[in-house]
Amino acid sequence: MGMPNWREAASKLKLRSNAFIDGKFVEAISGQVFDAINPANGTTLAKVASCDMADVDLAVRSARRAFEAGVWSRRSPAERKTVLQRFAELMLKHGDELALLETLNMGKPISDARSVDVPASANTIAWYAEAIDKIYDEIAPTGSGALGMITREPVGVVAAVVPWNFPLLMACWKLGPALAAGNSVILKPAEQSPLSAIRLAELAMEAGLPEGVFNVVTGLGETAGKALGLHMDVDAVTFTGSTEVGKLFMTYSGQSNLKRVALECGGKTPHIVMADCGNLEEAATAAAFGIFFNQGEVCNAGSRLLVDAKIKDGFLEKVIEVGKTLTPGDPLDADTKLGAMVSKVQMDRVLDYIDVGGREGATLKSGGKRVLDETGGYYIEPTVFDGVYNNMRIAQEEIFGPVLATITFNGAEEAIAIANDTIFGLAAAVWTDNIDVALSTARRLRAGSVWVNNFDESNITMPFGGYKQSGFGRDKSLHAIEKYTELKATWIKIRS
Ligand code: NAD
């Protein structure tokens, strides 16, 4: 079986554009819509239902009804497993279509969407399905006069608010554990990338999820997102997005019903290369892909390259060479490694940061420009700055684009100090051939994920999330289930 002709497949694709509430596709009550744009050429793909408070309220009522009825929440874990396994299989069966929706709507290369996003998303659902009927509760060591049961119960109605950079995968990191644990979920995709989420809801229904257990409200952040944050009958919000909006969700919670909030926010990952790194070729390739993969629109992108002064010049040349092989191109071309930025707004934001970097005194070593303007799409070349100081804006603020800031250090102590001098703490990486340097550095880096002699390698068995203003709570691994369950202590007196 060869690769499909992606352009032809794209032209035949059926695009769903309604919200999915209570098991049905519905327009927004207000009749309002917003444009889903293809960032590869700036054209409108679909007019999507723009939900507001009224639609969100319908979705919450439906989710609550399903939860109270027990059609999902009180099914046995083994029964939930079967439905979710079917859901994962359907995602794989419709993998080409899901990959196309992702690429068309947010500009990532189709080869990545097909080989990374779709299989990782399906695997996430399958993994939690497999896990959920193998987790036991606890009996407390009370002594003979009582039985102390410590049990986990689904938290209730969960709102999942996700970003546009990995629309399917971020949704599945929330849906997998939340649904497996028995909750009802309302997913709000980002307004830049709603199309794959809508199709996901349809596949979930086909797999046998009862009505109301999984709703999708499409809409803008300030309307649909805010309405979920402020709703009095949402029990938990699980959010991935910017630190700024993460803080808003904390406020919404305080202003409403004190719903639980879990936040996966921004990052400014330090990618450290010590002078004794034995494989500089591999490290340089990792440094380039670490910032340019997914157009740099990755929360844990290695956006700060920290290199020891002893090796900096030669190393940076290698990184730039690799970067030059990643010329932006049509995301539907199977050979493209770097696609389009998600939107004009995001492209302009990144170009503005490139400008700021120059004005702050950093040296632009390669890239720096918009390209392929004639397509109408939003493309930026891989961009590398040298001579960056950690107090510059391009070293402190999240750019979320293909822009690398190179900072030089002298020795491990200084590297660790610079790495930790940030408001973020999502991830960090270190390359060294010295086991003691590797372990002591890994321990001292204030970040939720640390990679030693690799960058961004992981799988579903490892938790993911941040320290500091990168948020709190963890996606992935069995730890994620804690976010979607209440802990109940039942003390039973034994009369004898
Ligand atoms: P964003 O914060 O603007 O939007 C994220 C979600 O929040 C979207 O669904 C959006 O509609 C909603 N939203 C926006 N404004 C809102 C408001 N006022 N009230 C309620 N909801 C609102 O982020 P983005 O631009 O979509 O994504 C980029 C950000 O996401 C980056 O900062 C990136 O680091 C972060 N991110 C983090 C992770 C992680 O796991 N830590 C993963 C991917 C992306």
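The shell around the ligand takes at least three residues from each of domain 1 (6-265 + 470-489) and domain 2 (270-459), the domain bounds coming from an automatic or database domain assignment. The model is predicted: local features need pLDDT of at least 70 and side-chain atom pairs count only at pLDDT 80 or more, while totals for chains, interfaces and linings use all residues. Residues are numbered from 1 along each chain as its sequence is written, and side-chain values use heavy atoms, with hydrogens and water left out.

In total, 29 residues surround the ligand, a residue being counted if one of its heavy atoms lies within 4 Å. The closest are Glu-191, Ser-242, Tyr-252, Cys-265 and Glu-398. By class, the shell comprises 17 nonpolar, 7 polar and 5 charged residues; Tyr and Cys count as nonpolar, and Gly as polar. At least two shell residues come from each of α8 (221-230), β10 (236-240) and α9 (243-255), where helices (H or I, at least four residues) and strands (E, at least two) are DSSP runs numbered from the N terminus. The most is given by α9, with 4 residues.

Polar contacts are pairs of N or O atoms within 3.5 Å. A ligand oxygen atom lies 2.5 Å from an N or O atom in the side chain of Glu-191. The backbone also takes part: a polar backbone atom of Val-162 is 2.8 Å from an oxygen atom of the ligand, and a backbone N or O atom of Gly-221 is 3.3 Å from a ligand nitrogen atom. Taken alone, the ligand exposes 830 Å², of which the protein buries 90% (Shrake-Rupley method, 1.4 Å probe).

Terms used:
Polar contact = N/O pair within 3.5 Å; in protein donor to acceptor, adjacent residues only side chain to side chain.
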